[in-house]
Amino acid sequence: LGTCDELFEIITLMQTGKIPRKLPIILIGKKFWNDCINWTAFVEYGMISEEDASQLIFADSADEAFAHLTAGLERIEADDVSSQQTV
């Protein structure tokens with residue numbers, strides 16, 4: 001669990017390439033996050049890109065969050081294997 005500051009910091013680190021992988025960003029409490037932050041407006045005003053916004057995953061339970069986390073990590077692992085095969 002983290003703060004808004006930490007959320008935007010990790011997005012910034014991925015945008016700038018300091019974190020080279022596109023990690024899944026899982027936010028617990030769909031209603032809370034969508035009520036508090038207008039993600040569509042962030043994209044429309046250029047604060048974040050569509051790609052950045054698509055990395056945000058909203059979950060309402062630990063089970064749902066865990067499923068998203070494992071799927072995201074499996075995707076990263078598959079991407080790593082694919083990139084190693086093309087080298």
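**Group meeting: a first look at this model**

Okay, so the protein averages a pLDDT of 89, and 97% of the residues score at least 70; pLDDT is the predictor's confidence in each residue, from 0 to 100. This is a predicted model, where local features need pLDDT of at least 70, side-chain atom pairs count only at pLDDT 80 or more, and totals for chains, interfaces and linings use all residues. Residues are numbered from 1 along each chain as its sequence is written, and side-chain values use heavy atoms, leaving out hydrogens and water.

Let's start with the core. The largest nonpolar core has 14 residues, meaning buried Ala, Val, Leu, Ile, Met, Phe, Trp, Tyr and Cys joined through side-chain atoms within 4.5 Å. Buried here is under 20% relative accessible area, with exposed over 50% and partly exposed in between, using a 1.4 Å probe and protein chains only. Leu7, Ile25, Leu27, Trp33, Trp39 and Leu56 have the most contacts inside that core. At least two core residues come from each of helix H1 (4–15), E1, helix H3 (39–44) and E2; helices (H or I, at least four residues) and strands (E, at least two) are DSSP runs, numbered from the N terminus.

Now, which residues of H5 are buried? They're Ala65, Gly72 and Ile76. The buried residues of H5 pack against strand E1 (25–28) and strand E2 (56–59), with contact meaning heavy atoms within 4.5 Å.

Last stop: Gln55, in the loop between helix H4 (50–54) and E2. Gln55 is buried, at 10% relative accessible area. Beyond its neighbours within four places in sequence, Gln55 contacts Met14, Lys22, Leu23, Pro24 and Ile25.
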